[in-house]
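Please examine the chain shown below.

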Amino acid sequence: MKIPWKRRSNNGGQTAENLAIGRDFVMINTVDGPLSISLENKPYKLANHCIEPSKIDPNSARQQPSKLLLAKFQVVPFIGRIEEFESLNEWLETPESLSVRLYYGKGGQGKTRLAQRIAEESSSKGWHSFNATHTADSSTGPHNRSISAAGSVLIIVDYADRWPLSHLHALVSDFNLGPNSHPYKVRILMLARSARSWWPALAGSIDSELGVESDSTELRPLETATLRAEIIATAAASFADALALEFDSKVELHGSPLLFDGELETALSMHMAALVAVDAYHRGEEMPANQIALSAYLLRREFAYWGIMHEQRLISTNPDIMQRSAITATLTGQLGTKAASMVLDEIGLASSKSQAMMIIDDYQRCYPSDSEMVALDPMQPDRLGEDFLALAIPGNTLPTNLGIGADRWISNAIPELLTIKGRDTVPIWIAHAITVLVETAHRWPHVSKNTLFPLLRKEPSLAIAGGAATLIRLVDLPDIDPTILDKLDHWIPDDPAPEFQVAAEAINAALVTVRDELFREPVERAAILSMRANRLSNVGRYTEALECCDSAIEELQSPGLLNSDLNTLLIGSLNQRAALLHALKKFDLAVESANNAVALLRCTPNVPLLKQAQCLSNLAALSSSTGDYLRAKSAGLEAITILRELPSSDSDDVVRILLAALSNYGTTLTSMGFFDEALAIFGESVKVAKSSKVPPSLRANPIQNYGTTLNYLGRHREAAIHLTVSVSIFEQLAKVNPAIYGPAQGSALNALAETLLSLELHAPAAQIANESVNLFESLPTSIRTVHDEEYASALEYHGMALSGLTHGGESVQRLDKALALRERLSRSNIESRLKLSGTLLNMSRASARAGNRERAAELCERAVSVLKTIDDSEAGRVHLAIGQALSEYAFLCALLKDRMETGIAAAEQSMNILASLDRRFPNTLDKWLNRTRITYEVLNKQRKQGGSISP
């Protein structure tokens with residue numbers, strides 16, 4: 001919803017002008033007086049990004065020197081990253097109203113400081129900066145935003161790879177007000193450690209769904225030793241100033257091998273080394289020899305601070321409990337008071353509510369949060385907290401002189417904290433804890449071996465709770481235990497939620513080599529290959545999936561393996577192959593594979609009824625796509641009959657296969673022209689989907705099929721309502737898996753556009769069809785070419801809508817492009833030739849509307865010729881299409897007046913064909929028969945009066 005409006009309020013003299021509202025988001029050009037905008041149920045919250053550095057007292061900094069590393073204090077001037085900074089400045093100046101950019105790199109690389117620097121720069125140009133924070137815990141703050149912005153907006157999203165994809169998409173969508181809807185620019189800058197899988201999925205969805213451009217850049221280590229030396233020297237001088245200590249960096253840094261031997265790759269590690277160098281010098285201690293020792297030094301300083309606070313009775317909690325509380329906060333992330341109290345109780349740090357509150361109060365004195373709603377805030381920076389966690393977990397092989405010993409308490413505390421079994425809901429902290437453990441394990445192998453892997457072997461669902469991005473990071477661990485991946489691969493369902501399909505494929509891919517070595521028996525290898533094919537298919541990689549499926553079939557057809565049990569497996573693989581061939585638009589080969597599956601089914605005893613129904617339903621769908629409607633109808637009815645009689649009719653598998661069978665059978669009836677019967681079947685599928693609590697991906701198709709059939713029956717307004725619902729469902733699914741559900745959304749948009757054209761609502765039809773065109777054009781070529789039929793329909797409907805709006809030139813371009821695609825695809829099957837004839841007829845109508853009747857007649861004649869090449873004796877729909885096309889051609893002949901005899905012959909043929917059809921098309925048939933009779937009468941009068949009468 002986009003509404004620019006102007007409003008004046010008498011409440012306290014407040015005025016607000018030039019507001020733009022879009023999807024629960026408000027931007028204000030001019031505001032006078034306080035204005036609060038509450039937006040409920042958002043998965044994120046926005047807060048003003050602080051441009052000015054926070055102040056820190058030198059005495060406080062000397063007690064906790066690690067505070068000086070926090071970006072909010074901006075102690076060290078920004079150095080380096082000139083190329084990235086200039087690129088960001090150019091990005092701000094690009095003309096797009098909304099754009100998204102990602103910077104990714106390992107922790108400590110300088111992503112946050114770079115974002116801070118560009119926020120400062122943009123502020124000097126009148127921009128307003130905000131931080132977007134994901135809100136997993138509602139107790140850490142209200143889900144609202146108050147934005148008073150009299151200019152363009154920069155939104156910074158840190159830890160973007162830890163957000164669910166749908167929530168990132170929602171953020172972008174909320175600010176996607178469209179061009180010319182407001183006088184500002186919006187830039188969303190995302191920061192993440194990894195860009196693998198989640199970013200391509202997000203970038204594809206916001207492009208195809210929202211038309212929002214995006215790009216990404218990896219933030220690599222600083223390259224030159226000279227630049228590193230400059231950063232370290234500048235940082236040391238800055239820290240000395242902040243600590244109010246004397247320090248000559250040119251003298252005191254000289255000769256320290258750690259500072260200049262290249263081990264310090266990240267900006268954070270350089271800053272840590274410089275800080276420790278300054279602090280250690282004034283404390284008379286030796287400079288640590290490596291990065292781990294740097295973390296240990298700073299952690300020892302934290303321990304000393306807790307001890308001082310406890311000795312001076314500023315806190316009641318002893319240092320041991322403070323240490324464990326800090327480790328807990330590192331694992332849980334930010335928690336509100338209620339959740340924090342619960343956690344402290346569960347891991348045995350507090351035996352009562354009052355004791356928990358005492359620990360929380362003491363912790364806040366040591367680590368005050370920027371938000372009043374946060375009780376526990378993790379130790380910062382992340383690298384320090386992760387190293388603290390790793391040093392506390394028993395099993396590391398580092399020297400004991402670091403002064404940070406392992407704490408065996410944590411061996412029991414972490415499993416307690418991450419227990420899922422026995423809980424009604426998954427605790428909010430589990431996702432963060434698993435993510436932290438995975439990230440820590442990337443640098444500390446003993447964390448994997450002693451803590452993470454044992455947890456996941458016992459409870460694989462913990463990894464799922466961490467989210468798709470964490471699953472992918474888990475796969476990337478160099479010492480990942482294949483048995484865990486194997487458990488996850490089997491634990492994740494064949495058709496997982498869209499957000500997890502990319503992660504599921506990554507897990508399966510990581511097991512390929514291991515399984516090749518482990519499994520040598522043909523049956524085992526076939527099962528593994530079939531699972532691989534399924535995972536690849538879920539992410540739209542059909543060609544690779546087909547290769548795996550073919551290999552599985554080869555394994556099952558090995559000599560000496562023929563028996564009824566193996567036949568059942570082979571039937572499944574042949575069905576899988578048929579589905580993949582169909583997805584690749586290789587229809588004849590798909591039907592051949594489905595036929596082979598059914599033939600094997602007929603001669604194999606004791607095949608489970610569900611497998612029989614699935615096999616028959618697949619054959620029905622594929623036979624229908626090649627025009628073999630009688631076989632499709634027979635196989636489809638047999639499949640539905642089996643499924644309806646199954647005693648476990650409410651099981652998930654039965655419902656899923658029943659919905660597919662009803663869809664296939666209804667499509668066949670539609671192709672044969674039995675629209676009323678098809679409507680009843682699709683109506684049944686809608687009821688099954690509603691009553692069985694199936695996922696949205698299985699609800700959308702029945703609704704779309706029902707709406708499309710209503711449109712065929714002339715019930716256009718009802719059709720539009722149902723099709724709008726299906727578009728909405730597919731839109732949400734495509735946000736998280738555009739490769740799979742983007743084309744499905746495009747198909748639903750096409751059906752809605754066709755219905756709007758039937759209602760002669762050309763403007764909304766043009767908008768919907770253009771959205772579909774943009775969606776298909778944004779898909780990768782390898783995916784779009786598989787869906788060229790739907791892409792051609794989008795172009796065609798957009799062209800027709802533009803023609804209705806008298807946008808002739810653009811209409812012709814769209815229709816010509818659609819025709820070129822249809823002609824290339826017309827060799828594939830009967831449906832493609834029917835669509836080609838439909839495109840020719842639509843182009844004929846557009847030409848007639850533009851006044852080019854000769855061209856219209858030529859196109860209409862070509863449509864008739866195409867239809868007459870279709871061998872489709874059992875399907876009345878083709879006969880109806882021929883009758884309709886001949887009727888239109890006769891009408892054009894009457895308009896041209898010099899083709900009376902040809903027109904009369906066409907009208908006679910049309911009436912004979914239409915009259916010979918049974919009552920499959922009650923509304924459509926009567927309309928066309930009446931129209932053709934009128935045209936026939938006009939043509940006869942023209943012949944008698946020498947062409948002087950116009951129709």
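A residue counts as exposed when its relative accessible area is over 50%, as buried when that area is under 20%, and as partly exposed in between. Asn606 has a relative accessibility of 76%, and is therefore exposed. The model discussed here is a predicted one. Asn606 is located in the loop between helix H26 (587-602) and helix H27 (609-625), and its phi is positive, at about 60 degrees, although the residue is not a glycine. Gln74 also has a positive phi without being a glycine, in this case of about 50 degrees. Gln74 belongs to the loop between helix H1 (58-63) and H2. With a relative accessible area of 16%, Gln74 is buried.

For the chain as a whole, the secondary structure amounts to 42 helices and nine strands. The chain has 951 residues, of which 56% count as buried. It exposes about 40,200 Å², and carbon and sulfur atoms supply 50% of that area. Among contacts with a separation of 6 or more, 69% are made by residues 24 or more positions apart.

The sheet may be considered next. Six strands, in the order S4-S6-S7-S8-S5-S9, make up an open sheet with mixed pairing. Its edges are strand S4 (44-48) and strand S9 (213-218), each of which pairs on one side only. On average, and with direction ignored, neighbouring strands of this sheet are turned by 20 degrees against each other.

S5 (residues 98-104) pairs in the parallel sense with strand S8 (residues 186-192), over seven bridges. Six of the seven residues of S5 are buried, so that the strand is mostly covered.

Helix H3 (residues 111-123) lies across S5, strand S6 (128-134), S7 and S8. Relative to S8, H3 runs at about 165 degrees.

Attention now turns to the aromatic side chains. A pair of aromatic rings is described by the distance of the centres and the angle of the planes. Rings pair if their centres lie within 6.5 Å, and by this rule the count comes to seven aromatic pairs. In one of them, the rings of Tyr44 and Trp163 have centres 6.3 Å apart and planes at 25 degrees; the pair is therefore stacked. This pair links distant parts of the chain, 119 residues apart, with Tyr44 in strand S4 and Trp163 in the loop between S7 and helix H4 (165-174). Tyr44 is buried, at a relative accessible area of 0%, and Trp163 likewise counts as buried, at 7% relative accessibility.

How are the rings of Tyr363 and Tyr367 arranged? Their centres are 5.1 Å apart and their planes stand at 40 degrees, so the pair is tilted. Tyr363 has a relative accessible area of 0% and is buried; Tyr367 is counted as buried at 13% relative accessibility. Ring pairs also link Phe303, Trp306 and Phe388 into a cluster.

The charged end of Lys633 sits over the ring of Phe674, at 5.0 Å from the ring centre. In another instance, the charged end of Arg931 sits over the ring of Phe891, 5.4 Å from its centre.

Two further local features complete the account. Gln380 and Pro381 are joined by a cis peptide bond, with omega at about -5 degrees. Pro381 is placed in the loop between helix H13 (353-366) and helix H14 (382-392). Glu554 is part of helix H24 (residues 542-556), and its relative accessible area of 58% makes it exposed. Glu554 and Ala526 are 28 residues apart along the chain, and their C-alpha atoms are separated by 8.2 Å.

Conventions. Residues numbered from 1 in each chain as written. Predicted model: local features only at pLDDT ≥ 70, side-chain atom pairs only at ≥ 80, totals over all residues. Heavy atoms only, no water. Pairing = 2+ DSSP bridges. Helix = DSSP H or I, 4+ residues; strand = E, 2+ residues; numbered from the N terminus. Axes fitted to C-alpha atoms, helices over the stretch in contact; angles between N-to-C directions. Contact = heavy atoms within 4.5 Å. Phe/Tyr/Trp six-rings, centres within 6.5 Å; stacked < 30°, edge-to-face > 60°. Buried < 20%, exposed > 50% of the residue type's maximum accessible area, 1.4 Å probe, protein only. Lys NZ or Arg CZ within 6 Å of the ring centre and 35° of its normal. Areas by Shrake-Rupley, 256 points an atom, 1.4 Å probe, with all protein chains shown as cover.
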